[in-house]
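Colleague: I'm new to this one. Can you put it up and walk me through it?
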Amino acid sequence: MGLLSVDLLIKLQILPGFFSNCLFLAVYDSVALLKQAITWLSGPRAGGGVPRMLTVEGMQTVWRSFLLDACKPVRLGGQAPNPRVVRLSEQRGEAEQLQRVGALAECHLLDFANPGRPLVVNFGSAT
């Protein structure tokens, strides 16, 4: 199977989701325009129009997001990604010294995993 056919297969797989998303945006726009028309008929009021959701830019954004999702290398039940990370020392002063020298130890994320125990990664959000 060539690269072109794989690319075409990916695009064919995401078409139903893309079209259903566009259909939802069209229904949303229709309801918003209907509300705006009813409001206008009941008496003109100051205020701007309702922003449109189904635009060319909006459809391009939806298409790109579906395409990015389809091209992700991670699959359910597949091998976990193993990106490079920087190991920081447990003692703050030692980590700062290593950083000044440029000697921070590089390793991979799965180096921290233990068999039979889930690996929990915190990206620093404190909310």
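This is a predicted model: local features need pLDDT of at least 70, side-chain atom pairs count only at pLDDT 80 or more; totals for chains, interfaces and linings use all residues.

Colleague: Is L119 buried, exposed or partly exposed?
Modeller: L119 is partly exposed, because its relative accessibility is 36%. L119 also belongs to a nonpolar surface patch with L110, F112, V121 and F123.

Colleague: What accessible area do those five have together?
Modeller: About 480 Å². The protein as a whole exposes about 10900 Å². Carbon and sulfur atoms supply 62% of that.

Colleague: Back up a bit. How many helices and strands are there?
Modeller: The protein has 3 helices and 2 strands. From the N terminus, the order is α-α-β-α-β.

Colleague: And what share of the residues is buried?
Modeller: 10% of the 127 residues. As for contacts with a separation of 6 or more, 57% come from residues 24 or more positions apart.

Colleague: New topic. How many salt bridges turn up?
Modeller: The search of the whole structure gives 1 salt bridge. D29 and R52 form it through their side chains, at 3.4 Å from N to O.

Colleague: Where do D29 and R52 sit?
Modeller: D29 is in helix α1 (residues 3–42), and R52 is in the loop between α1 and α2 (56–70), so the pair ties together parts 23 residues apart in sequence.

Colleague: Is D29 buried or exposed?
Modeller: Buried, with 4% relative accessible area.

Colleague: What about disulfides, how many?
Modeller: The count is 0. C22 is buried at 10% relative accessible area. C107 is buried too, at 8%.

Colleague: Now the aromatics. How many aromatic pairs are there?
Modeller: The whole structure has 3 aromatic pairs. One of them is F18 with F19: the ring centres are 5.6 Å apart and the planes sit at 55 degrees, so the pair is tilted.

Colleague: Is F18 buried or exposed?
Modeller: F18 is buried, with a relative accessible area of 11%. F24 and Y28 make another pair, with centres 6.5 Å apart and planes at 35 degrees, so that pair is tilted as well.

Colleague: Where do F24 and Y28 lie?
Modeller: Both are in helix α1, 4 residues apart, about one turn of the helix. F24 is exposed at 53% relative accessible area. Y28 is partly exposed at 42%.

Colleague: Which residues form an aromatic cluster?
Modeller: F18, F19 and W63 form one.

Methods:
Residues are numbered from 1 along each chain as its sequence is written. Side-chain values use heavy atoms; hydrogens and water are left out. A disulfide is a pair of cysteine sulfur atoms within 2.5 Å. Buried means under 20% relative accessible area, exposed over 50%, partly exposed in between (1.4 Å probe, protein chains only). Contact means heavy atoms within 4.5 Å. Accessible areas come from the Shrake-Rupley method with a 1.4 Å probe; for residues, only the protein chains shown count as cover. A salt bridge is a side-chain nitrogen of Lys or Arg within 4 Å of a carboxyl oxygen of Asp or Glu. Patches are made of residues with over 30% relative accessible area and no salt bridge: like charges are joined within 9 Å, nonpolar side chains (Val, Leu, Ile, Met, Phe, Trp, Tyr) within 5 Å. Rings of Phe, Tyr and Trp (its six-membered ring) pair if their centres lie within 6.5 Å; planes under 30 degrees apart count as stacked, over 60 as edge-to-face and the rest as tilted.
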